[in-house]
Amino acid sequence: MQDINDKPLLVLEGIEKSFGALKVLKGCSLSVSASETVVVIGPSGSGKSTLLRCMNLLEPIDNGVILFEDREISGERNDKHVVRKQIGMVFQGFELFQHLSAVENIMLAPVKVLGMSRADAHDIAVGLLRKVHIPDKAGAFPDELSGGQQQRVAIARALAMKPKVMLYDEPTSALDPEMIREVLDVMAELSAEGMTSVVVTHEIGFARSAANRIVFMDGGEIVENKFTEEFFSGAVGGRARRFLDQILH
Ligand SMILES: Nc1ncnc2c1ncn2[C@@H]1O[C@H](COP(=O)(O)OP(=O)(O)OP(=O)(O)O)[C@@H](O)[C@H]1O
Ligand SMILES: [Mg+2]
């Protein structure tokens with residue numbers, strides 16, 4: 001597990017979000033330090049995905065403030081594209097471009113968004129495929145890859161923008177059991193290298209070994225926010241304990 005410093009990279013203060021009459025986030029506050037890995041757990045519908053989507057401005061917030069490197073990014077006047085370049089996101093369903101090969105999927109944003117030459121982007125993409133342990137899959141199309149390989153291409157694609165934070169929303173829950181490990185291993189390696197990460201997952205083994213901190217959400221609130229060891233030592237309230245009992249037994 002990576003040592004963390006105290007410098008907050010991403011700060012959420014009192015985030016509120018409703019969909020119509022349904023209040024989904026009821027004043028969530030969270031500070032993520034540079035190099036920290038935070039795992040977010042909680043029951044279905046508790047607001048985990050919404051919280052993650054608010055972090056990279058995929059979802060506008062109703063109230064509260066989001067700071068990234070001490071700068072407010074949640075205001076109307078902010079350029080969402082500038083923020084999203086710095087915050088990478090990986091989804092449950094991979095969301096690769098089906099008509100592009102693995103290497104082309106990874107090259108796309110550096111070429112289109114950063115204006116990088118195709119040759120430079122290709123070099124970066126090849127290096128990233130090596131990093132996610134599929135160096136021989138550059139020319140493969142998504143439908144020629146296993147789910148675990150596709151998710152690792154999706155991680156490489158996010159990394160190609162050199163983000164300062166990676167957000168993962170249940171990255172392994174669409175995968176067959178034998179592929180979960182290879183994806184979690186890549187995520188754990190990135191965390192160990194100091195990639196600041198926020199991970200929504202039910203993989204408690206990953207949480208125990210790779211997370212510095214565990215956040216437990218329930219009913220649109222952050223109910224627990226504890227260092228990993230403390231969280232799993234049982235120093236949590238009844239809601240978190242009942243949730244853990246359910247998923248561990
Ligand atoms: N775009 C939307 N429009 C309306 N309601 C939404 C929308 N997105 C989410 N919700 C609702 O907000 C609540 C929180 O959803 P969210 O997806 O954040 O939960 P979650 O904790 O990620 O759940 P899961 O574990 O099932 O992924 C749910 O009641 C959901 O139905
Ligand atoms: Mg979700």
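Two strands pair if DSSP finds at least two bridges between them. Strands themselves are DSSP runs of E, at least two residues long, and helices are runs of H or I, at least four residues, with numbering from the N terminus. Keep those two rules in mind.

A word on the source. This is a predicted model, where local features need pLDDT of at least 70 and side-chain atom pairs count only at pLDDT 80 or more, while totals for chains, interfaces and linings use all residues. Residues are numbered from 1 along each chain as its sequence is written, chains are lettered from A and ligands numbered from 1 in the order in which they are written, and side-chain values use heavy atoms, with hydrogens and water left out.

Strands of a sheet pair through backbone hydrogen bonds, either parallel or antiparallel. Here four strands line up as β2-β1-β4-β5, with antiparallel pairing. Which strands stand at the edges? They are β2 and β5 (71–72). Each has a single partner strand, so one side of each has no neighbour in the sheet.

Now walk through the pairs. Strand β1 covers residues 8–19, and β2 covers residues 22–33. Nine bridges join these antiparallel strands. Ser 18 has Lys 23 in β2 as its bridge partner. Val 11 has Ser 31, also in β2. The hairpin has two residues between the strands, and Gly 20 there takes a positive phi near 60°.

On to the next pair. β1 also runs antiparallel to β4 (residues 63–68), over five bridges. Glu 16 stands opposite Asn 63 of β4.

Next, a parallel pair. Strand β6 (residues 87–90) pairs with strand β7 (residues 165–169) in the parallel sense, over four bridges. Gly 88 has Met 166 in β7 as its bridge partner. What covers the story of β6 is burial. Buried means under 20% relative accessible area, exposed means over 50%, and partly exposed is in between, using a 1.4 Å probe and protein chains only. Both faces of β6 are covered. Ile 87 and Met 89 are buried on one side, Gly 88 and Val 90 on the other.

Most residues other than glycine have a negative phi, and most peptide bonds are trans. Phe 94 has a positive phi, near 65°. Glu 95 has a positive phi too, near 60°. Phe 94 sits in the loop between β6 and α3 (102–112), and Glu 95 is in the loop between β6 and α3 as well. Buried or partly exposed? Phe 94 is buried at 12% relative accessible area. Glu 95, at 48%, counts as partly exposed.

Now the ligand. A residue is near a molecule if one of its heavy atoms lies within 4 Å of it. The residues around ligand 1 include Phe 19, Leu 22, Val 24, Lys 48 and Glu 170. By class, the shell has four nonpolar, six polar and two charged residues. For those classes, Ala, Val, Leu, Ile, Met, Phe, Trp, Tyr, Cys and Pro are nonpolar, Asp, Glu, Lys and Arg are charged, and the others, Gly among them, are polar.

Where do oxygen atoms of ligand 1 meet the protein? Gly 45 has a polar backbone atom 2.8 Å from one. Ser 46 has a backbone N or O atom at 3.2 Å. For Thr 50, an N or O atom of the side chain is 2.5 Å from a ligand oxygen. The protein covers 58% of the 630 Å² of accessible area that ligand 1 has on its own, by the Shrake-Rupley method with a 1.4 Å probe. The largest share, three residues, comes from α1.

Now the cysteines. A disulfide is a covalent bond between the sulfur atoms of two cysteines. Cys 28 is buried, at 0% relative accessible area. Cys 54 is buried too, at 1%.

One last stop. Leu 244 is in helix α9 (residues 238–248). At 9% relative accessibility, Leu 244 counts as buried. His 202 is 42 residues away along the chain, and the two C-alpha atoms are separated by 9.8 Å.

Technical notes. Polar contact = N/O pair within 3.5 Å; in protein donor to acceptor, adjacent residues only side chain to side chain.
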